[in-house]
Amino acid sequence: MKRMIRVVTCSVVMSLAICASAQSLGDVAREQKSQPKTEKAKRVYTNDDMPSVAPPAAPAAPARAGNAASAKGPSAEDRKKRDDDYKMKINDAKAKVADLQREIELMDREYKLRAAVFYSDAGNRLRDDKKWADAERKYKEDSAAKSAGLQAAKDKLESMKEEARKAGVMGLE
C-alpha cells in the first residue's frame, strides 16, 4: 500500500514538474513573432481582391397570357398541398420504420427468453435438441428477413426525404 502511494506521489510530482517547465503558447507565439522573417511572404488573395462579376442576365422571353401563370410556378395553394403530401408520405414511412424496429426488438427479446428457458433446463436440452435447432434456424432467417426489410424501409425513407428536399419542401424534420 505504501509503495503504491509513493508511486502515485512520484508521478504527480513529475507531471507537475513537466507542466511547470513547458512554455505557454503565448510565449512561443511571441518568440516566433520576434524572429526575423527569412522568407518573403506570399500574396494571399481574399474576396476583396477578386473582381466580382454579376451573373449574366437571362434573355427576356415574350410573355403570353396563357404562360403567365405557369411562368410564376405553382401557386401557394398548390405548394402547400404538395408539401402536405410529402409530409404525409414521409410520416407514413417513419411509422413503418418504427414498427419494423419494434418488431425486431420484440422478436429478439422473445428469442432471448426462449434461449434462457431452454438452456436453464438440462432435460429440455436433452429431449428437444432438434426442436431447438429448428426454432433457432427459423429465428435467424426471420431476423435476417426483417433486418433486410428494415434497411429497405430506411432507404426508402431517405430517398423520400431527398426527393422532398429537392422539390423545396420546408420543415420536414
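Trainee: Buried means under 20% relative accessible area, exposed over 50% and partly exposed in between, using a 1.4 Å probe and protein chains only. So where does F118 fall, buried or exposed?

Mentor: F118 is buried, at 8% relative accessible area. Keep in mind that this is a predicted model: local features need pLDDT of at least 70, side-chain atom pairs count only at pLDDT 80 or more, and totals for chains, interfaces and linings use all residues. Residues are numbered from 1 along each chain as its sequence is written, and side-chain values use heavy atoms, leaving out hydrogens and water.

Trainee: Noted. How many aromatic pairs does the structure hold?

Mentor: Five. Rings of Phe, Tyr and Trp (its six-membered ring) pair if their centres lie within 6.5 Å; planes under 30 degrees apart are stacked, over 60 edge-to-face, the rest tilted. One of the pairs is F118 with Y119, which is edge-to-face at 5.1 Å centre to centre and 75° between the planes.

Trainee: And Y119, what's its relative accessible area?

Mentor: Y119 comes out at 43%, so partly exposed. The ring of Y119 also pairs with that of W132: centres 5.9 Å apart, planes at 75°, so edge-to-face.

Trainee: Which helices do Y119 and W132 lie in?

Mentor: Y119 lies in α4 and W132 in α6, so the pair ties together parts 13 residues apart in sequence. Helices here are DSSP runs (H or I, at least four residues; strands are E, at least two), numbered from the N terminus. W132 is buried, at 8% relative accessibility.

Trainee: Which residues form the aromatic cluster?

Mentor: Y111, F118, Y119, W132 and Y139 form one cluster.

Trainee: Back to the helices. At what angle do the axes of α4 and α6 cross?

Mentor: Roughly 160°, and the axes come within 9 Å. That makes α4 roughly antiparallel to α6. For the labels, under 35 degrees is roughly parallel, over 145 roughly antiparallel, 65 to 115 roughly perpendicular, and the rest oblique. Axes are lines fitted to C-alpha atoms, for helices over the stretch in contact, with angles from 0 to 180 degrees between N-to-C directions.

Trainee: Is the crossing of α4 and α6 left-handed or right-handed?

Mentor: Left-handed. That means the near helix is turned anticlockwise from the far one by less than a right angle; clockwise would be right-handed. The contact of α4 with α6 has 19 nonpolar, four polar and 13 charged residues. Nonpolar covers Ala, Val, Leu, Ile, Met, Phe, Trp, Tyr, Cys and Pro; charged covers Asp, Glu, Lys and Arg; the others, Gly among them, are polar.

Trainee: New topic. How many salt bridges are there?

Mentor: Nine. The rule is a side-chain nitrogen of Lys or Arg within 4 Å of a carboxyl oxygen of Asp or Glu. One of them joins D27 and R30 at 2.9 Å, N to O.

Trainee: How many residues apart are D27 and R30 in helix α2?

Mentor: Three, so about one helical turn of α2 (residues 25-34) separates them. D27 is partly exposed at 37%, while R30 is exposed at 54%.

Trainee: What about D99 and R102, which helix holds them?

Mentor: Both lie in α4 (residues 76-120), three residues apart, about one turn. D99 is partly exposed at 36%.

Trainee: And what is the N to O distance between R82 and D83?

Mentor: It is 3.3 Å, a salt bridge. R82 is partly exposed at 27%, and D83 is buried at 16%.

Trainee: Which residues are linked in a network of salt bridges?

Mentor: K130, D134 and R137.
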